[in-house]
Amino acid sequence: MELTLRGVSHKVGAQQHLYPMDLRLTPNAVTVLLGATQAGKTTLMRLMAGLDRPSDGRVQVDGTDVTGWPVRKRDVAMVYQQFINYPSMTVRDNIASPLKLRGQLDRAAIRKRVDELADKLHIEMHLDKLPAQLSGGQQQRVALARALAKQAPLMLLDEPLVNLDYKLREELREELGQLFAAGQSTVVYATTEPAEALQLGGYTAVMDAGELLQYGPTAEVFHRPASLRVARAFSDPPMNLLIAQGFGDRLQLRPGLELALPGQGGVTVGVRASALRVTQQPGDLAIQGEVELAEISGSDTFVHARTEVGELVAQLTGVHDFELGAPLTLYLNAAHVHVFDAAGLLTRAPERRGAC
Amino acid sequence: MDERRFRKRTIFLIAYLLFALLPIYWMVNMSFKTNEEILSSFSLWPQHFSLASYKTIFTDPSWYSGYINSLIYVAINSVISITVALPAAYAFSRYSFLGDKHVFFWLLTNRMTPPAVFLLPFFQLYTTLGLMDTHIAVALAHLLFNVPLAVWILEGFMSGIPREIDETAYIDGYSFPRFFLTVFLPLIKAGVGVAAFFCFMFSWVELLLARTLTSVDAKPIVATMTRTVSASGMDWSTLAAAGTLTIVPGAIVIWFVRHYIAKGFAMGRV
Amino acid sequence: MKPINQKAWFLVLPVFICVAFSAILPLMTVVNYSVQDIISPERRVFVGTEWFAAVMRDEELHGALLRQLGFSLAVLLVEIPLGICLALSMPAQGWKASAVLVIVALSLLIPWNVVGTIWQIYGRADIGLLGAALQALGVDYNYTGDATDAWLTVLVMDVWHWTPLVALLCFAGLRSIPDAYYQAARIDGASKFAVFRYIQLPKMRGVLMIAVLLRFMDSFMIYTEPFVLTGGGPGNATTFLSQYLTQKAVGQFDLGPAAAFSLIYFLIILLLCFILYNWMQSLGTQDKNEVAHG
Amino acid sequence: MARIDLDLAHAYRPDPKADSDYALLPLKMSFEDGGAYALLGPSGCGKTTLLNIVSGLLRPSQGTVTFDGRDVTALTPQQRNIAQVFQFPVIYDTMTVAENLAFPLRNRGVAPDRIKARVGKIAEMLELNGQLNQRASGLSADAKQKISLGRGLVREDVSAVLFDEPLTVIDPHLKWQLRRKLKQIHNELKLTLIYVTHDQVEALTFADRIVVMTRGRAVQVGTAGELFERPSHRFVGHFIGSPGMNFLPAALDDRGGLSVADQPIAGLVDPVTGAALSRAEPFALGIRPEYVEVDDVGDGVAALPGTITGVVAQVQDIGTYWLLTAKVGPHTLKARLSAHAQPPGVGATVALRVLNPHTCFYGADERLVAGATAPAAPVSTAAAVPASSSAPEGLA
């Protein structure tokens, strides 16, 4: 199934929620809508599903124009943020409801299909309970099972994991990856976390304040962000941005601190937190600073340091303890740096080895 | 400090409960006395217990027909009000449309209009329509007050249900009527119960319209009771018995909706 | 944000028809009567605003209006605070809560004329508990004879009849306060009054508005209870607007002034309702965004 | 400020027998005065119950709670003089920010000028001084949470400040600013802070010492470094770190040779660990993805000591690193490669070095028996004694 948006934009009252955009979703793949809250992810997703009608522009499915169609006629499945199930029905009836309504399968086939899905999502022991009796994670699994039951060509998930526990989120994210890989429908997954986009892989559409900034394979968009805005939207912790002056064959961050990179005039040097290291390697640029705060996130430590070129955040693998105010030298290899021109467009990105 | 405040609160509560129950108790007490005993002696408890007045009510057709008539038009009114109010409340709760605010306010003003204002026009209207002295007349007249109330309460309860449930149902392929009946209604059972309780409450207690629009066939109990007031010599005992019997349906209905009473009164706004 | 959908009008149509049938049609007849002098069914003379002018000048009406306003204000001043105190003293949950709820709500379900009858019996000196008790205490109390006694009895009857509505509304408002607020207040060492003043009252603002709206409107159109208890007497001490209007319309059958007065009465209600409703909406939206993540 | 000692349990039923009757299994623990502690665990693990017992909102069914040696088990939160920040902002709507902050002091009858000074100081610290006269109800969620915190901080004699998942309703991109503010305040005021959360990022960042809990039991208490390097229980290894620790079944043959996932491992286990591992019962080898070294398997390349071979099932580009999922027989093993390394192709067989100073070994009772000889982060002075109850281990 191929979903295409032609010049779609959406205005609610005086407010422009979505600026005109063209987007062709790669069929049968996972597309992640990445952007901060209020970036327009949910609005765009509701237009794709047909829950709302765009102010103008066309929504096409496999070439046919479905812009005005009521959502009942569109064959879509959707999972919401706050685990939406039919409270008055048991888990089994919840999952079976789209199949019963479609009426193609007889009772036994539906029962078999429901049991199969329940096993796949580890909720087979809850089939005869009411959704309210389940935990948050289990309720979301029921909503997922119902969406998968439809085997709709287009499946939409609006930040499905945001209300779950940290560790449960990690497990479900991995399960979702496997479920999408096995399925043959086009999946659209909205999230605010860059890590989720990277882990789900597939394609990523970066959005900011109602604009579609860039669309492409996830690793490609991450490693070669088209502009400063994309880089900012697609990095957690925020990318370090340093003002530099280009003198032909070298970029000067500060008198005495230069990178052997081509560039002319005022540029912005983008350094990802993972590019900064505390161990020196040949050809590195050393930046002196002192520790302001150390944050431990999962298996990494983010060190916030006040340095001679301003505030920097470095990402170190494993758990490290730093005394507040302790002196710290950060090392940077010129090859691992992004460079953006005065207009904020990418002019140079670190070369990439390995499967793209 | 906690005990003293607790005792102060319970004293106030008990005092109010006494204030609320004493008048009712006094009427019930009188309903078991004969007229002679009422007028002759003054006692907190009926000396010789008599069910005479209850017997008269249950045998005299002019009395018990009053109850039946009341129950009939109250039932008709409640059913019509709820069936009509459900779709409208759904529209107000789920969509915004041209003039929705004004219509909602207009409904509210109808609920607040004194029955007296419409006394004359209803009288004229129903005579021309030939509907005078029928249950339908009273039921329709009470619609003016019960429908706005039902819409207001149901809209409050419906707004408590997340809109995503409707969308999920439409996505799954439910048509609106099937969704409304099989998915949505079970979710607002409480709301429907409370709205029915309010419709019952209003039309069961209203006197002015009920008395004016009926004469014989559909005369409700509330009307028959005022008749005894003007009768020669006060038949207190039967009056008290009739009054006690009008409280019974109310008590039963309250018992069924006791969990949602508070929420219902706040029009589901809470 | 609710989506715009004009098709929703089809859902509202049945309500519109029902209420229009029993509201707009009669209103037209009232307007029709209020501008004519109906001498006999055949002869009708257009008199324009004469009836309105007559009604405006009618001294008796002024008296009834003043008594009505006085009564409604007294009702609010007594029932709102009493309702709040009752709500605060009611048990929160368990069987006690259900029992108290049923007893308190009982008076709301008694037909209005039965309420009148109850108090008619209750207040009489010869056969009524209250009458006899007051007489035993040496208070000369006679609600059929003395004007102030009558007015007070009607007020106490209305308080007895409708305070539970205010109490149940406030009770519902209190129920919506999350337990965390009370824990925070205990931790901050707030006194009982401070808890009431800064947590309970602000949270009850929404339902209190509904209570004021309902109680003022309902008391403004009271008819049955005073009619059964005192018949509007002694003299016209307890004749309020509705009773005055009914006497004019059904009693003396002079349709013109009755229709004109009905219109004025309806416009007063419309105005008061508009003011209170908008005030409630502005408070409602303020509460709504606060409770959004409560 | 107070040192809090807990020696208690909390049961749903009066006569608890099995583990499941306990909301909180018997535990003995103490919170140092001025320390920042986190209660970390999945939903329903009893962390909020423990917090409510410390705050006094809940009385434990058995045992005592002492503040600086004084038994406060029966005292109310007010008498224990604690402060609490709740999951959603709890503020007095009709008051301004300044009145909100002054409220606890006014209730204690503190002199007005003293109140003003104190409120000014705390508002400054919370960067609320610009909004002191605004109505509290109109502010954003994170500002309201600061006010809620401020109400605790204004009281000079507050014994401890408790947080019940305070960042739940805060926008994701504002969360780390509030986390940083909490850490700065802790450094300045040296208050005893206890923070409940299910999010390990908040726990590991905010607290000096973290209590990991599951199913009503405090499984381990330690610094972020200890939890990461030496998880004393399989659950802690799984729960801390993203993705969590790999576990592979292992066995020791009578000659002392180690085999992992039925593959004999070249090289000997160091004597200390070897002695601790039992010959008879099966045990498990735990290694974090960050510490698994991946090398190509070539015929010319000698088998490195401590490696097993596996087949690459999946390679994911997580941007800041490569995540490799390898299959070792029926078991899966995750490994992390640096972003600049050249990852092997899917289907290639690779050598996975799982035996190094960071390796841990877990007995059948899922508790750490040996290993992790690498020096963990400097261990701070007072070590809290984790629960060592005899109740049967019923861990999923």
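Which residues in H13(B) meet which residues in H5(C)? Let's start there. Keep in mind that this is a predicted model.

On the H13(B) side we have Trp236(B), Leu239(B), Ala240(B), Gly243(B) and Thr246(B). Facing them in H5(C) are Val114(C), Thr117(C), Ile118(C) and Ile121(C). Sort that contact by class. You get six nonpolar residues, three polar ones and no charged ones.

Now the geometry. Two packed helices are described by the angle between their axes and the distance between the axes. Helix H13 of chain B covers residues 236-257. Helix H5 of chain C covers residues 112-123. Their axes come within 10 Å and cross at roughly 135°. That makes H13(B) oblique to H5(C). The crossing is left-handed.

Let's step back to the chains. Five pairs of chains touch, and the pair with the most contacts is B and C. Here, 79 residues of chain C are in contact with 83 residues of chain B. Which helix of chain C gives the largest share of the side that touches chain B? That is H1, residues 8-34, with 14 residues. And the classes on this side of chain C? There are 60 nonpolar residues, 16 polar and three charged.

Next, the cores. In soluble globular proteins, nonpolar side chains tend to be buried together. In this model, the largest nonpolar core has 163 residues. Ala85(B), Ala88(B), Ala150(B), Val151(B), Leu154(B), Ala195(B) and Cys170(C) have the most contacts inside it. So that list takes in residues of chain B and one of chain C. Helix H7 of chain B, residues 135-159, supplies the largest share of this core, 17 residues.

Pick out Ala85(B). Leave aside residues up to four places away in sequence. Ala85(B) then touches Val147(B), Ala150(B), Val151(B), Leu154(B) and Ala195(B), and also Val15(C).

There is a second, separate core, with 89 residues. Among its members are Val319(A), Ala83(D), Leu149(D) and Leu182(D).

That brings us to chain D. How many helices and strands does chain D have? Ten helices and 21 strands. The chain has 396 residues, and buried ones make up 48% of them. What about contacts along the sequence? Take those in chain D with a separation of 6 or more. Residues 24 or more positions apart account for 68% of them.

Last, chain B against chain D. No contact joins these two chains. Their closest C-alpha atoms lie 12 Å apart.

Definitions and conventions. Residues numbered from 1 in each chain as written. Chains lettered and ligands numbered in written order. Predicted model: local features only at pLDDT ≥ 70, side-chain atom pairs only at ≥ 80, totals over all residues. Helix = DSSP H or I, 4+ residues; strand = E, 2+ residues; numbered from the N terminus. Buried ≥ 20, exposed ≤ 12 C-beta atoms within 10 Å, placed from the backbone. Contact = placed C-beta atoms within 7 Å. Nonpolar A, V, L, I, M, F, W, Y, C, P; charged D, E, K, R; others polar. Core = buried A, V, L, I, M, F, W, Y, C linked by C-beta atoms within 7 Å. Axes fitted to C-alpha atoms, helices over the stretch in contact; angles between N-to-C directions. Parallel < 35°, antiparallel > 145°, perpendicular 65-115°, else oblique. Left-handed = near helix turned anticlockwise from the far one by under 90°.
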